[in-house]
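The reader may wish to keep the sequence and the model in view.

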Amino acid sequence: MGKNCEEDEAEYARYKFVELMNSTFGLVVAGRSPNSYRLVEVMAAGVVPVFIVDNYVKPFDTLVQWHRCALQFPSSQMDLIVPALRAMMARADAEVSKRQSYCIYIYNHFLRDDPTLLGAVMESLKARFYGAFPSFTLASSL
């Protein structure tokens, strides 16, 4: 919402989802809240998410090993992102492929659609609170 809003919209309109699908890495930054829809778009494309993580809340952190998929940078080190990605591409194509495969796994098992998302929420709650509540049986109360 500023003086360059029209120019920003024109720039945004230049890019389509198909270009994301032909990418290796996708920048995932927070939107108006600590999370955003960008992560699901990146994961659906099988692209390695690149987080700027000052306040980003990654979903299902009790179920997902994000370090196997994503790359993280604090906003104070954004100048290191491009050199780090270039170095990764130059030395280890297999590492990138493993990250992409795990990203697709995460998308399919946790983020794909509403029923999958609901199941992931339930599993996350179980993992987070497992053992936190005492089990109660009628026999133990007698």
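The paragraphs below treat the disulfide, then a helix and its surface.

This is a predicted model, in which local features need pLDDT of at least 70 and side-chain atom pairs count only at pLDDT 80 or more, while totals for chains, interfaces and linings use all residues. Residues are numbered from 1 along each chain as its sequence is written, and side-chain values use heavy atoms, with hydrogens and water left out.

The structure holds 1 disulfide (a pair of cysteine sulfur atoms within 2.5 Å). Cys69 and Cys103 are the partners, with an S to S distance of 2.2 Å. Because the torsion about their S-S bond is about 95 degrees, the disulfide is right-handed. Cys69 lies in the loop between β2 (48-52) and β3 (71-73) and Cys103 in helix α5 (residues 93-111), so the pair ties together parts that are 34 residues apart in sequence. Helices (H or I, at least four residues) and strands (E, at least two) are DSSP runs, numbered from the N terminus. Both cysteines are buried, meaning under 20% relative accessible area, where exposed is over 50% and partly exposed is in between (1.4 Å probe, protein chains only).

Helix α6 spans residues 114-129 and includes Val121; Ala127 also has its place in helix α6. Val121 counts as partly exposed because its relative accessibility is 33%, and Ala127 counts as partly exposed because its value is 40%. Leaving aside neighbours within four places in sequence, Ala127 is in contact with Thr62 and Leu63 (heavy atoms within 4.5 Å). The C-alpha atoms of Ala127 and Leu63 are separated by 7.6 Å, although the two residues are 64 residues apart along the chain.
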